[in-house]
Amino acid sequence: MELYLDTSDVAAVSALARVFPLAGVTTNPSIVAASKKPLDVLLPELHEALGGKGRLFAQVMATTAEGMVEDAHTLRAIIPDLVVKVPVTAEGLAAIKMLKAEGIPTLGTAVYGAAQGMLSALAGAEYVAPYVNRVDAQGGDGIQTVVELQQLLTLHAPHAKVLAASFKTPRQALDCLLAGCGAITLPLDVARQFIASPAVDAAVAKFEQDWLSAFGRTSI
């Protein structure tokens, strides 16, 4: 299983990379815009925050297939092994096919349906990113969409991985992993919730209190 952070916060990536077994960092145009850093500055900083390891993902901005391919080349000139995120539109599908022919790895993004995601995998995408919480917000069932997409890829495009995205709670992420997803990307607040637990803190404090009462110190 691959665990990613969905962020442009370089300091947070550096801090959490010390704790989490991160596979890399994903970004999108909104996340990059929030950083107010151009990609040729931000992406190397994120790479360094990961200790020079892991995969980075960045998205094209063009709306035509040819333009998306040009954007992909620009992004890969910054980080040579970067995975190019391509929205799964008609033009995006054409771009994914073109980039596959060049050996450039892609992620089909902005996926709101299982069939849409499957098409991006069949076109050659290495990863497919369903938007779990955004599907829920539109009245759909984000987890069920992921379940169906995972089944479709297992049956018809086993080379591709579901990289589930758009989470509001750790439970959503766990449900995706239980559905068999090969990868998830977490926003910082959800990632921090995985390692923040009042019950655990209380248990550790009780251990320390009992040890101190018995031995007069908290060290072994």
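View 1. Aspartate 210 is partly exposed, with a relative accessible area of 37% (buried means under 20%, exposed over 50% and partly exposed in between, with a 1.4 Å probe and protein chains only). This is a predicted model, where local features need pLDDT of at least 70, side-chain atom pairs count only at pLDDT 80 or more, and totals for chains, interfaces and linings use all residues. Residues are numbered from 1 along each chain as its sequence is written, and side-chain values use heavy atoms, leaving out hydrogens and water. The side chain of aspartate 210 meets that of lysine 206 in a salt bridge, 2.7 Å from N to O (a side-chain nitrogen of Lys or Arg within 4 Å of a carboxyl oxygen of Asp or Glu). Both sit in helix H11 (residues 198-215), four residues apart, about one turn of the helix (helices, H or I of at least four residues, and strands, E of at least two, are DSSP runs numbered from the N terminus). Lysine 206 is partly exposed too, at 43%.

**View 2. Lysine 161 and glutamate 2.** Here the closest N and O atoms of the salt bridge are 2.4 Å apart. Lysine 161 belongs to strand S7 (residues 161-164) and glutamate 2 to strand S1 (residues 2-6), so the pair ties together parts 159 residues apart in sequence. Glutamate 2 is buried at 17% relative accessibility, while lysine 161 is partly exposed at 32%.

**View 3. Glutamate 126 and arginine 55.** These side chains form a salt bridge, 2.5 Å from N to O. Glutamate 126 counts as partly exposed at 26% relative accessibility, and so does arginine 55 at 24%.
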